[in-house]
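User: I would like to go through this protein with you before planning my reading. Could we take it piece by piece?

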Amino acid sequence: MEFLSSIVGLVPCFYDHTSKHTVYIRDLRKNLQALSKGMVDLNNLYEDVKERVERAEQQQMKRRKEVGGWIREVEAMEKEFHEILQRGDQEIQKSCLGCCPRNCWSSYRIGKAVSEKQVAVSGLIGKGRFDVVAEMLPRPPVDELPMEATVGPQLAYEKSCRFLKDPQVGIMGLYGMGGVGKTTLLKKINNEFLATSNDFEVVIWAVVSKSPDIEKIQQVIWNKLEIPRDKWETRSSREEKAAEIFRVLRRKRFILLLDDIWEGLDLLEIGVPRPDTENKSKIVLTTRSQDVCHQMKAQKSIEVECLESEDAWTLFRKEVGEEILNSHPAIPMLAKVVAEECKGLPLALVTLGRAMAAEKHPSNWDKVIQDMRKSPAEITGMEDKLFHRLKLSYDRLPDNASKSCFIYHSMFREDWEIYNYQLIELWIGEEFLGEVHDIHEARDQGKKIINTLKHACLLESCGSKENRVKIHDVIRDMALWLYGEHGVKKNKILVYNKVARLDEDQETSKLKETEKISLWDMNVGKFPETLVCPNLKTLFVKKCHNLKKFPSGFFQFMLLLRVLDLSTNDNLSELPTEIGKLGALRYLNLSNTRIRELPIELKNLKNLMILLMDDMKSLEIIPQDVISSLISLKLFCIYESNITSGVEETILEELESLNDISEISTTISNALSFNKLKSSHKLQRCISHLYLHKWGDVISLELSSSFLKRVEHLRGLQISHCNKLEDVKINVEREGTHNDMTLPNKIAARTEYFHTLCNVVIQHCSKLLDLTWLVYAPYLETLHVENCESIEEVIRDDSEVSEIKEKLDIFSRLKYLELNKQPRLKSIYQHLLLFPSLEILKVYDCKSLRSLPFDSNTSNNNLKKIEGQTSWWNQLKWKDETIKDSFTPYFQVHKAEAYLTDFEESKAGSIDDIQEQPISN
């Protein structure tokens, strides 16, 4: 019976064998194979599109909806394909009589489905060839702040999250002692908005600090709100800017995170609407004082407390490291005792943990515990509890020089960032580094001390700006406490933000015991007639923008003064003649002032070691014999200052006459002065930074090997506004001859003569053709080229360069390369360069530069970013698209406002991102 049923089932098949539907059955095997091949092609396309989408999303772009829909369709098709493939294979296996299936109707349905899927797959392949898969997003409502994994305080965090959801709480305060983790908690709150859905349109982070700068806070808010620059710049006053901010914010639901508030802020003065139940905005602030929470009218105040014992141990253990804890059986127990002595204060745990991160001997841990317990337990108050414990990191510094250098940082105002080289020069002036015979050795010693202080967590780098340091405000307060002999002599060092306080302290005779004064007052226009400071050794007067001159008797009672820093008072135009009576003065900084004439009385400063006069654009007169009279002078800087050619040559002659001079940074603006430099072996050995400026008649600059050998300390070279200069020639010669050396000898000379040159800036040299001479600068770290309109190639491709490249990589140490406004620039170099050290490449307005000398191995370990215009990046030609793909994640859109902010520093060689010492001192 079953046999008859099968026969009956075959009848329609034979009957309709010629029907068009029969093709579904007859070609089932062939169609399945075709469908499988189509799915392979579709999957390959899917992987390509998915990779492009993921790469775009990593750059904060958003996938287009049609792309997302296509991806979902392909994923659904993949599932359906496997089902139909399985059914088709089963049907083929069941077939009989060569080509006839047992169940004709089932085979027909499967065959038809396979045919339809083929059409659908072809359609998806056609739809999937997208030109654009993602679009740029507007600035995200919240910026992620860098932070490590946190340990506590969980309770305060949970309370904060709960109150942020409470419609009755508009302002919330987080208060607690210094170093307890308030900033960390606020960062965690900020970053939480990235991970969770919320209704806020914008999240704004601003640091306030002890002396709030309202305009700086307004600037931060403006940047976040993306108010058009033209509209913002027309708002000249603080009130107008506040009105503009208020206009934008009152229409948004925002959350404002204010870190480190020391006194009540007037929100309306900034332009911030007060949160209420209607606008549903929020403000969260951190402070050391609960009173500030009340002043800010916070509906809820949360105390951020020290860590519980278990969390404290977890944090301390993380900082010490498992290797040290496991190095001896006794150390874990001793380490727990040290952690307990920190009383759960995160900053103390981190500082002490890192201080002990190399101690493998139990005796050292015993000593630490004993030292900590010597501090009186009965001392009350936040500062005392913190300082006596943090003092351990100070006590463990290797020598008195390191300790003095650390305490000195308390001279600077809160949150102040200072270049490493500037800090070291001040230390030299203060005699912290001992008797200085060689300024270069002293710099090396200063760098070692900075690293020691960083490792002890008493100084910190300024983010990615390794060439600057700053001090945490709590640590700074401790340094002030230490200098004041544990608070007993609080007036030994005084830091003022207001001149009015200086008058008040003088009336109470506080200044008679003062040894150091630091004054920062942007609004001061007039100083006291005189200051009676018989013990004063250090005086900073900085950033006093309204200060034009000092009273004539201001300095007369400061006869012990050793360090005087008057820099960055950009309207100071005159020095009193009595400055010549400061016979103990060792350091004088007049940089960035408008002083027109140096008083002749300066020649009396026989102990002066350091004289800094950079960027003095108004300087006209330096009386003859003033410089040559400074018999102790070791460091002299007159970089980017306005000096005439005659004075220029005289200064060089006077510097040459000094016995102790060892470092010079100078501007040279004519061939006569440069010839004077080339003729003086002594001056050549002293040159550290050289600025060749406005040479109107020089066509070719030739530098001989003998000259290059003697400029052994040349770190920075800047050439600017030399409008006739066409080339720079390096004549690498045999000693005593003028014959060109063989290539191997030139390569040897390449390292011998340029081992210190690391910063080069070339600007506004309209006829300069190339910078091929840089192949002889193997240790170059930063290169900035701007407005040299004739340059078509940075490095010209000739046989000599090619041979040198074969032996040694060109630009092998280069970390920072910036090319700006080079209309004819077509190539950096025509052949591949590895750039093994390159971290940052910036290209702006170089429309003819269509390719980069990169391959997939270029700077594959160090590159941080490539900054440029989107149009330039899109027109670049690559040898292989995979090379472009490998560099695309590093590309960032050039921002004009960021460029203008950074330009003044970068053009002088002070590259914030990487450089240790800028060209301009």
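User: To begin, what share of the 921 residues in the protein is buried?
Analyst: Buried residues make up 52% of the 921 residues. Please keep in mind that this is a predicted model.

User: How many helices and strands are there?
Analyst: The protein has 32 helices and 28 strands.

User: And what share of the contacts with a separation of 6 or more comes from residues 24 or more positions apart?
Analyst: Such residues account for 68% of those contacts.

User: What about the surface, and how much of it do carbon and sulfur atoms supply?
Analyst: The protein exposes about 42600 Å², and carbon and sulfur atoms supply 48% of that area.

User: Let us turn to the sheets. In what order do the strands of the open sheet with S4 and S7 run?
Analyst: The order is S4-S5-S6-S3-S7, and the 5 strands are paired in parallel. Strand S4 (202-209) and strand S7 (300-303) are the edge strands, each pairing on one side only. From one strand to the next, the twist averages 15°.

User: How many bridges join S5 to S6?
Analyst: Strand S5 (residues 254-261) and strand S6 (residues 282-287) run parallel and are joined by 5 bridges. Within this pairing, Leu256 stands opposite Ile283 in S6.

User: Which residues cover each of its faces?
Analyst: Glu663, Ser665 and Thr667 lie on one side of S18, with Ile664, Thr666 and Ile668 on the other, and all of them are buried.

User: Which strands does S18 pair with?
Analyst: S17 is joined to S18 by 4 bridges, and the two run parallel. In that pairing, Cys637 has Ser665 of S18 as its bridge partner. S18 also pairs in the parallel sense with strand S19 (residues 687-693), over 5 bridges. There, Ile664 stands opposite Ile687 in S19.

User: Where does Ser641 lie?
Analyst: Ser641 is in the loop between strand S17 (635-638) and helix H24 (645-656).

User: Is Ser641 buried or exposed?
Analyst: Ser641 is buried, with a relative accessible area of 8%. That value is under the 20% cut-off, so the residue is classed as buried.

User: What does Ser641 touch?
Analyst: Leaving aside residues up to four places away in sequence, Ser641 touches Met613, Asp614, Asp615, Met616 and Thr667. Its side chain reaches the backbone nitrogen of Asp615 at 3.2 Å. Thr667 is one of the buried residues of S18.

User: A change of topic: why is helix H19 called largely enclosed?
Analyst: Of the 9 residues of helix H19 (residues 400-408), 7 are buried, so the helix is largely enclosed by the rest of the structure. The buried ones are Ala401, Ser402, Lys403, Cys405, Phe406, Ile407 and Tyr408.

User: What is found at the start of H19?
Analyst: A side-chain oxygen of Asp399 reaches to within 3.3 Å of the backbone nitrogen of Ala401 there.

User: Now the aromatics. How many aromatic pairs are counted?
Analyst: The count comes to 27 aromatic pairs. In one of them, the rings of Trp222 and Trp232 have their centres 5.6 Å apart and their planes at 15°, so this pair is stacked. Trp222 belongs to helix H8 (residues 214-225) and Trp232 to helix H9 (residues 229-233), 10 residues apart.

User: Are those two tryptophans buried or exposed?
Analyst: Trp222 counts as buried at 6% relative accessibility, and Trp232 counts as buried at 4%.

User: How are the rings of Phe527 and Phe554 arranged?
Analyst: That pair is edge-to-face, because the planes stand at 85°, with the ring centres 5.5 Å apart. Phe527 lies in the loop between strand S12 (516-520) and strand S13 (538-542), while Phe554 lies in the loop between S13 and strand S14 (563-565), so the pair ties together parts that are 27 residues apart in sequence. Phe527 is buried at 3% relative accessibility, and Phe554 is buried with a relative accessible area of 1%.

User: Finally, which residues form the cluster that includes Trp872?
Analyst: Ring pairs link Trp872 with Phe811, Phe835, Phe854, Trp873, Trp878, Phe887 and Phe891 in that cluster.

Methods:
Residues numbered from 1 in each chain as written. Predicted model: local features only at pLDDT ≥ 70, side-chain atom pairs only at ≥ 80, totals over all residues. Heavy atoms only, no water. Buried < 20%, exposed > 50% of the residue type's maximum accessible area, 1.4 Å probe, protein only. Contact = heavy atoms within 4.5 Å. Areas by Shrake-Rupley, 256 points an atom, 1.4 Å probe, with all protein chains shown as cover. Polar contact = N/O pair within 3.5 Å; in protein donor to acceptor, adjacent residues only side chain to side chain. Pairing = 2+ DSSP bridges. Axes fitted to C-alpha atoms, helices over the stretch in contact; angles between N-to-C directions. Phe/Tyr/Trp six-rings, centres within 6.5 Å; stacked < 30°, edge-to-face > 60°.
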